[in-house]
Amino acid sequence: MGRKSSKDAILDATERVIRRQGMAGTTLEAVAAEAGLSKRALFYHFKNKKDMLLQLLERYGAQFTGLRQEIYDSLPDGPHRLLKATVLAAVRHPVKKNSSVANALTLLDDIELRAKVLEIRKRTFDELSENSDHPERVGIVLAAVDGLWIMDLFGDRSVTPALQKRIVEELLNLIDQHA
């Protein structure tokens with residue numbers, strides 16, 4: 001593995017600050033201190049705090065796409081392979097482990113940030129739907145995965161790891177029903 005770029009190190013610092021201090025406490029000064037840089041150095045990579053958060057969302061999207069591709073490559077050939085990889089990547093994505101970061105970013109009352117989340121989600125839905133004879137099934141599966149995600153965001157532990165595994169198995173079976 002190569003060395004992390006300065007931009008990635010700053011985004012990592014941003015995640016840590018958000019997790020520790022919440023969104024309101026996440027300032028450029030706090031991120032700069034966490035990254036061991038001057039505030040001025042942040043402006044080499046980011047226009048402002050919102051730009052930094054938008055790029056963090058883009059990074060999450062790219063990480064998800066990379067994880068999904070790894071899973072896709074490991075699955076046997078077959079119909080709906082991409083949808084199956086999407087389900088499995090969604091429950092394994094590292095952002096799930098950083099719920100407070102995802103929570104702060106996705107629930108933040110900022111129209112641009114919400115628009116970025118929706119853009120990433122629409123891209124995923126459109127890609128999966130165009131490769132499916134059953135776009136409604138894609139919607140059902142993604143809604144179920146979103147439900148698991150939201151429960152995790154809010155710390156709802158009513159779905160145990162064993163039950164989550166069972167739900168994922170059922171989703172994969174649902175995908176196969178029309179294969």
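Helices (H or I, at least four residues) and strands (E, at least two) are DSSP runs, numbered from the N terminus. Under this scheme, Lys122 and Asp126 both fall in helix 7, four residues apart, about one turn of the helix. The model is predicted: local features need pLDDT of at least 70 and side-chain atom pairs count only at pLDDT 80 or more, while totals for chains, interfaces and linings use all residues. Residues are numbered from 1 along each chain as its sequence is written, and side-chain values use heavy atoms, with hydrogens and water left out.

**Nonpolar cores**

- A nonpolar core is a set of buried Ala, Val, Leu, Ile, Met, Phe, Trp, Tyr and Cys residues joined through side-chain atoms within 4.5 Å; buried means under 20% relative accessible area, exposed over 50%, and partly exposed in between (1.4 Å probe, protein chains only).
- The largest such core has 23 residues, of which Ile71, Val87 and Val168 touch the most other members.
- At least two residues of this core come from each of helix 4 (49-74), helix 5 (81-92), helix 8 (135-153) and helix 9 (161-176).
- Helix 5 supplies the largest share, eight residues.
- Leaving aside residues up to four places away in sequence, Val87 touches Val141, Val145, Val168, Leu171, Leu172 and Ile175 (contact means heavy atoms within 4.5 Å).
- A second, separate core of 20 residues includes Ile18, Val31, Leu53 and Val117.

**Salt bridges**

- The whole structure contains 17 salt bridges, each defined as a side-chain nitrogen of Lys or Arg within 4 Å of a carboxyl oxygen of Asp or Glu.
- Arg16 and Glu34 form one of them, with the closest N and O atoms 2.7 Å apart.
- Arg16 belongs to helix 1 (residues 6-21) and Glu34 to helix 2 (residues 28-35), so this pair ties together parts that are 18 residues apart in sequence.
- Arg16 is partly exposed at 32% relative accessibility, and Glu34 is partly exposed with a relative accessible area of 26%.
- Asp146 and Arg121 also meet in a salt bridge (2.2 Å, N to O), which links distant parts of the chain, helix 8 and helix 7 (residues 111-130), 25 residues apart.
- Asp146 is partly exposed at 26%, as is Arg121 at 38%.
- A network of salt bridges links Asp8, Asp12, Glu15 and Arg59.

**Charge over a ring**

- Arg81 lies over the face of Tyr72, at 3.9 Å from the ring centre; the criterion is NZ of Lys or CZ of Arg within 6 Å of the ring centre and within 35 degrees of the ring normal.
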